[in-house]
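I opened this notebook to record what I looked up in the structure, entry by entry. The model and its sequence are placed below for reference.

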Amino acid sequence: MTPFFEANRDLLIFSGAAALKVLVFMGGIMGFAALLTLAERKVSALMQDRVGPNRASVFGFAFNGLFHPIADAFKMIFKEDFMPARAEKLLFTLAPVFALFPVLALFAFIPFGDYVMVYGYRLELQIAELPTALFFVLALSGLAIYGTFLAGWASKNNFALLGALRGAAQMISYEVALGLTLVGLLMIYGSAGLQDMVRAQGKLLFGFIPAWGVVYQPFAFILFLTAAMAENKRTPFDLVEGESEIIGYFIEYSSMRFAAFMFAEFIEMILISMLAATLFFGGWQVPYLYETGFILPGGKALALNHYLVSALQVGSFTVKTVFFSWFLLVVRWTLPRFRFDQLMGLCWKVLLPLALLNILVTGAVMLFSGKL
Amino acid sequence: MISVKKVNNRPLNFLERIYLPEIARGLAVTMRHFFKNLFSPKNILTIRYPEQASPLPGNANLRTLHRLKIREDGSPKCVACFMCQTACPAYCIRIEAAEYPDNTVEKYPAVFDIDLSRCVMCGMCVEACPEDAIAMDTRELPGGALTRAEMLLTRDDLLRNLPGEPSTLGAANRLANEYLEGKK
């Protein structure tokens, strides 16, 4: 080995592992987001007694519509990339990037497993371990508003601008509620690192209930899910775009630029699912599964291989993510849209006071139970 | 007389106003449909056209796929008069006429194309035909093709009789009947 590699061995291994994790995790998320665009149509179809898209085929095999995301991508690429003559060229181009960047960057902090030992190296199954990850998540998701607002502003279209204004009002309002719903969790776990939070959820409450966040903070979970859906701008809260009748901020966008907005929406849905799983449903934790294997409350134990345990944990995280993504789809196709005053009233008159009340009650309980 | 129906909307009770139980009820409905259709698709209403077709109402007079009628001797009833081509608002009919070697009374269509991708199924060609040669009574629904070539009906596709035909009766093809009588 050359002296350079010898001297920087640890750094090189760290960089290589990080790059590998980014590739695998991001690849998985991109694939899942593409499948989610199909799942959205299939789930809504099944709910409405239809079959959904099932025609795109390769060599005559349609697999009940599995190739539709690919067909969509081809279609989007070959559409005309239209830009209004009076648009701000730079901002118009940047807006989809601003929409896509924060939601993609946020995945770096999500722990998708505990750790794996590879040739004696401890490989953390999280791209970036940050002690203040929760604050970073909130801060970056606050940046997503730039994508919406720049798109509306740079299009030089009044309808787009109005849509962007609605979006700004909605997203900034719900940002407040979203942050406050998570304060209760911060108080309980005493850490803002997502991996720390997940590890803390591996304990048992009264010896048999998994100490998941939803057990401590069921109320905050409902508030979080509501606020997160509003942040995501999907149907009960889709006044920003309102694809069927009111005109949204990306009216002037077409081709892959539009696809970027659309993709950002689906990726944000995965992000919300992962955050809900991480913060409230134990992340990668499987109930009663520890590093050495299963230990049931009765005292029965089942020893498992380290790699099997890791695989089970990653699998558990995947299952939870898929479940919440599906749940978000079902909610999106069940509830009708709010009126704008109802939307704002829900945020400022309902979610915000309830989130504050939740913090108060959590604090009081912690104070009197002596956990403080 | 104007009748006014007065709707008394009762005020929402507490459980309805906090909204969550009602959301749960709504989700229960949609999820029930989702899982029922996921595991037993027999309730799905979609008809997978063109592989499946819904049965046509039995006694309805529908304008369905075109056909050209055939006479007893196998020659087309069509005399290539171009009336249907002229009447067609979608310009989907193309006719090339040719002459019988032994018949100075009428012509026959050497080419008779109907481009279904342009056809609007208006039935004007049937109305225009003086010989009652073109008809839209096959009770087959056109469409559902993947290429344009499949949408082009040629003379050979069109020439067919329904059961019980050919019929030599009718005033419209009197000349042809006389010609056929003379041939016998």
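I began with terms: two strands pair if DSSP finds at least two bridges between them. Helices (H or I, at least four residues) and strands (E, at least two) are DSSP runs, numbered from the N terminus.

I noted that this is a predicted model, in which local features need pLDDT of at least 70, side-chain atom pairs count only at pLDDT 80 or more, and totals for chains, interfaces and linings use all residues. Residues are numbered from 1 along each chain as its sequence is written, while chains are lettered from A and ligands numbered from 1 in the order in which they are written.

**Entry: a sheet in chain B**

I looked up strand β3 (residues 107–115) of chain B and found that it pairs with β2(B) in the antiparallel sense over seven bridges. Within this pair, Val111(B) of β3(B) has Glu96(B) opposite. The open sheet has three strands in the order β2-β3-β5 (chain B), with antiparallel pairing. Because β2 (93–99) and β5 (152–153) of chain B each have a single partner strand, they stand at the edges, and one side of each lacks a neighbour in the sheet.

**Entry: a hairpin in chain A**

I then turned to β1 (residues 115–118) and β2 (residues 121–124) of chain A, which run antiparallel and are joined by four bridges. Val116(A) has Leu123(A) in β2(A) as its bridge partner. Two residues lie between the strands of this hairpin, and Tyr119(A) takes a positive phi near 50 degrees.

**Entry: two helices of chain A**

I checked how helix α10 (residues 218–232) and helix α13 (residues 340–368) of chain A pack: the angle is about 150 degrees and the axes are 10 Å apart. Axes are lines fitted to C-alpha atoms, for helices over the stretch in contact, and angles run from 0 to 180 degrees between N-to-C directions. The angle therefore makes α10(A) roughly antiparallel to α13(A) (under 35 degrees counts as roughly parallel, over 145 as roughly antiparallel, 65 to 115 as roughly perpendicular and the rest as oblique). Residues in the contact (C-beta atoms, placed from the backbone, within 7 Å) include Phe219(A) and Leu223(A) of α10(A), and Leu351(A) and Asn358(A) of α13(A).

**Entry: chain A and its contact with chain B**

I recorded 13 helices and seven strands in chain A. Its C-alpha atoms fill a box of roughly 65 × 60 × 50 Å, taken along the principal axes. For the contact, I noted 11 residues from chain A and 13 residues from chain B.

Note on methods. Two residues are in contact if their C-beta atoms, placed from the backbone, lie within 7 Å.
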